[in-house]
Amino acid sequence: MADSTSAKRWLPLEANPDVMNQFLWGLGVPPDEAECFDVYGLDEELLEMVPKPVLAVLFLYPITSQSEEERRKQDSEIKEPSGGVYFMNQTVGNACGTIGLLHAVGNITSEIKLVEGSFLDRFFKSTAKMGPLERAAFLENDREMEVAHSVAAVAGETEASDNVDTHFICFTCVDGQLYELDGRKAGPISHGASSTSTLLRDAAKVIQQMILKNPESVNFNVPRLGPYS
């Protein structure tokens with residue numbers, strides 16, 4: 001999504017598990033540790049088909065007047081970023097796909113083993129003690145990530161364009177709570193109790209409510225991140 005506080009803009013990342021996997025694997029997530037996989041629907045039968053366990057859920061949705069109104073309302077209610085959650089703001093236009101994946105991986109580093117010395121290993125170690133805006137600035141000035149993102153952005157099946165009206169967010173479970181992580185918001189949003197075993201269903205309930213608020217749109221996508229299966 002193009003909205004940001006910086007003049008810098010990247011090409012958007014396609015909501016394509018193959019593209020996301022090559023991107024993550026190239027940056028230091030071992031292929032046998034985690035992969036993205038499409039969630040084909042949010043009803044019980046289709047959720048059952050998704051490989052388990054699910055460590056994070058990504059959600060691509062359209063930016064509308066309703067979603068913007070909801071974002072402003074939530075921002076006014078967010079107090080302080082949750083200390084145990086890895087969260088960063090988005091300051092680069094169209095970087096939401098990369099930030100969604102960083103949110104996903106950054107909160108499961110105890111569940112997966114990154115390649116030692118890889119980009120992601122260095123990135124999370126370097127930004128561990130930073131605040132959300134400091135992490136955003138670190139990413140904005142990271143040439144290696146910018147190049148990796150650009151390569152992934154042109155690897156999709158659709159023609160890359162920086163004129164988009166969709167946005168990626170991430171859902172993950174930290175300390176028994178389901179968190180919504182959106183770099184355009186002031187901080188993490190808790191959606192109540194959750195666990196690795198219920199994360200997908202818990203996130204699906206929140207996503208269904210977001211979809212209901214935009215009944216005229218069909219531009220939604222839900223990849224999951226979890227162990228290779």
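These are my notebook entries on what I looked up in this predicted model.

**Ground rules**

I count residues from 1 along each chain as its sequence is written, and I leave hydrogens and water out, since side-chain values use heavy atoms. As the model is predicted, local features need pLDDT of at least 70 and side-chain atom pairs count only at pLDDT 80 or more, while totals for chains, interfaces and linings use all residues.

**Entry 1: the outline**

I started with the secondary structure and found eight helices and six strands. Here helices (H or I, at least four residues) and strands (E, at least two) are DSSP runs, numbered from the N terminus. Reading along the sequence, I wrote down the pattern α-β-α-β-α-α-α-α-α-β-β-β-α-β.

**Entry 2: inside and outside**

How many of the residues count as buried? I found 56% of the 229 residues. Buried means under 20% relative accessible area, exposed means over 50%, and partly exposed lies in between (1.4 Å probe, protein chains only). The accessible surface comes to about 10,700 Å², and carbon and sulfur atoms hold 50% of that surface. These areas come from the Shrake-Rupley method with a 1.4 Å probe; for residues, only the protein chains shown count as cover.

Next I looked at contacts (heavy atoms within 4.5 Å). Among contacts with a separation of 6 or more, 75% join residues 24 or more positions apart.

**Entry 3: salt bridges**

Side chains of opposite charge can pair when their charged atoms come close. I searched the whole structure and got seven salt bridges. For each one, a side-chain nitrogen of Lys or Arg must lie within 4 Å of a carboxyl oxygen of Asp or Glu.

I began with R201 and E48, whose side chains meet at 2.2 Å, N to O. This pair links distant parts of the chain: R201 sits in helix α8 (residues 199–212) and E48 in helix α2 (residues 44–48), 153 residues apart. R201 is partly exposed at 28% relative accessibility, and E48 is partly exposed at 48%.

Then I turned to K125 and D121, where the closest N and O atoms are 3.2 Å apart. They are separated by about one helical turn, because they lie four residues apart in helix α5 (residues 119–127). K125 counts as exposed at 58%, whereas D121 counts as buried at 12%.

Which is buried and which is exposed? E146 is buried at 17%, and R143 is exposed at 57%. I also noted that K8 joins R143 and E146 in a network of salt bridges.

**Entry 4: the nonpolar cores**

In soluble globular proteins, nonpolar side chains tend to be buried together. A nonpolar core is a set of buried Ala, Val, Leu, Ile, Met, Phe, Trp, Tyr and Cys residues joined through side-chain atoms within 4.5 Å. The largest one has 44 residues, and V105, L120 and L225 touch the most other members. Elements that each supply at least two residues include α1 (17–27), β2 (56–62), β3 (166–174) and β4 (177–181). Which element gives the largest share? I found α4, with six residues.

I then picked out L120: beyond its neighbours within four places in sequence, L120 is in contact with L24, L27, V29, L102, V105 and L114. Last, I found a second, separate core of 22 residues, including L42, I63, L178 and M210.
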